[in-house]
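Reader: Hi! I'm new to this one, could you walk me through it?
Author: Happy to, here it is.

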Amino acid sequence: MHVQEWLDTVPAAAVYAVVALVIGLESLGIPLPGEIILVSAALLSSQHGGIDPVVLGACASAGAVIGDSIGYAIGRKGGRPLLAWLGRKFPKHFSEGHVATAERSFQKWGMWAVFFGRFVALLRIFAGPLAGVLRMPYWKFLIANVLGGIVWAGGTTAVIYYVGVVAEDWLKRFSWLGLVVAVLIGIASMLIVKRRASRTQPEAEPVVAGE
């Protein structure tokens with residue numbers, strides 16, 4: 001079943017909980033489709049009044065911030081052996097190459113890697129645990145984590161919600177416009193056929209009379 005179709009079958013409170021949980025687990029370091037769930041839920045909220053986009057954005061932001069903070073604590077305690085264990089469990093996401101790429105980004109950008117990591121699928125999974133492993137000061141991590149979580153989760157919700165509203169309104173107008181265009185084309189076709197028929201008829205009559 002498509003994600004949006006599945007979300008459409010559950011109550012609004014369950015949608016908020018699922019979005020917060022999936023995003024939180026993804027931010028903690030577990031490879032889950034948090035962005036897909038958030039986009040689907042935001043699009044659903046634009047089509048159904050039962051899901052409040054503000055509450056949805058708040059739940060997504062809370063899940064992102066809390067998940068990243070837990071990931072930071074786990075990474076700080078587990079250290080590099082944790083990354084090695086994750087590499088064995090999730091070789092597709094925590095391979096040595098991916099870890100090295102994420103580590104270079106953190107060493108180069110620091111807090112900004114945590115902030116902008118929200119918008120990159122790979123760094124979104126790495127941000128919390130890797131910041132803990134690299135012993136980034138928690139106050140720096142927390143600032144970047146909160147700001148990044150709010151901008152990413154809240155911003156994504158707002159953009160997708162308004163895109164969905166505009167798209168739905170446009171499609172409704174397009175339906176009426178399509179109907180009007182179809183009627184006009186039908187009338188124009190009928191007039192063209194009648195005109196051609198009226199022009200052909202007088203030309204045919206003299207031929208018949210001559211015979």
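What follows is a short chat about this predicted model.

Reader: Nice. How many helices and strands are there in the protein chain?
Author: The protein chain has 8 helices and 0 strands. Read from the N terminus on, the elements go α-α-α-α-α-α-α-α.

Reader: And how much of the chain is buried?
Author: Buried residues make up 35% of the 211 residues. The accessible surface comes to about 12,400 Å², and 70% of that belongs to carbon and sulfur atoms.

Reader: What share of the contacts with a separation of 6 or more is between residues 24 or more positions apart?
Author: That share is 78% in this protein chain.

Reader: OK, on to the inside. Which residues have the most contacts inside the largest nonpolar core?
Author: Those are Phe106, Val114, Leu130, Ala131, Met136 and Phe141, in a core of 17 residues. At least two residues of this core come from each of helix H4 (53–89), helix H5 (96–109), H6, H7 and helix H8 (138–210). H7 gives the most, with 6 residues.

Reader: What does Phe106 touch, leaving out residues up to four places away in sequence?
Author: Phe106 touches Ala113, Val114, Leu123, Ala127, Leu130, Ala131, Leu134 and Met136. There is also a second, separate core of 16 residues, which includes Tyr16, Val19, Ala64 and Ala153.

Reader: Let's switch to charges. How many salt bridges does a search of the whole structure find?
Author: The search finds 1 salt bridge. Asp68 forms it with Arg118, and the closest N and O atoms are 3.0 Å apart.

Reader: Where do Asp68 and Arg118 lie?
Author: Asp68 is in helix H4 and Arg118 is in the loop between H6 and H7, so the pair ties together parts that are 50 residues apart in sequence.

Reader: Is Asp68 buried or exposed?
Author: Asp68 counts as buried because its relative accessibility is 1%, under the 20% cut-off. Arg118 is buried too, with a relative accessible area of 2%.

Reader: How far apart in helix H6 are Trp112 and Phe115?
Author: They are 3 residues apart in H6, so about one helical turn separates them. Phe115 is buried, with a relative accessible area of 15%. Trp112, Phe115, Phe116 and Phe119 form one aromatic cluster.

Reader: Now the outside. Which residues form the nonpolar patch on the surface?
Author: Trp109, Trp112, Phe116, Phe119, Val120 and Val151 form that patch, and together they have about 640 Å² of accessible area.

Reader: Where does Val120 lie?
Author: Val120 sits in the loop between helix H6 (111–117) and helix H7 (121–133). Val120 is partly exposed, since its relative accessible area is 39%, which falls between the 20% and 50% cut-offs.

Technical notes. Residues are numbered from 1 along each chain as its sequence is written. This is a predicted model: local features need pLDDT of at least 70, side-chain atom pairs count only at pLDDT 80 or more; totals for chains, interfaces and linings use all residues. Side-chain values use heavy atoms; hydrogens and water are left out. Patches are made of residues with over 30% relative accessible area and no salt bridge: like charges are joined within 9 Å, nonpolar side chains (Val, Leu, Ile, Met, Phe, Trp, Tyr) within 5 Å. Accessible areas come from the Shrake-Rupley method with a 1.4 Å probe; for residues, only the protein chains shown count as cover. A salt bridge is a side-chain nitrogen of Lys or Arg within 4 Å of a carboxyl oxygen of Asp or Glu. Helices (H or I, at least four residues) and strands (E, at least two) are DSSP runs, numbered from the N terminus. Buried means under 20% relative accessible area, exposed over 50%, partly exposed in between (1.4 Å probe, protein chains only). A nonpolar core is a set of buried Ala, Val, Leu, Ile, Met, Phe, Trp, Tyr and Cys residues joined through side-chain atoms within 4.5 Å. Contact means heavy atoms within 4.5 Å. Rings of Phe, Tyr and Trp (its six-membered ring) pair if their centres lie within 6.5 Å; planes under 30 degrees apart count as stacked, over 60 as edge-to-face and the rest as tilted.
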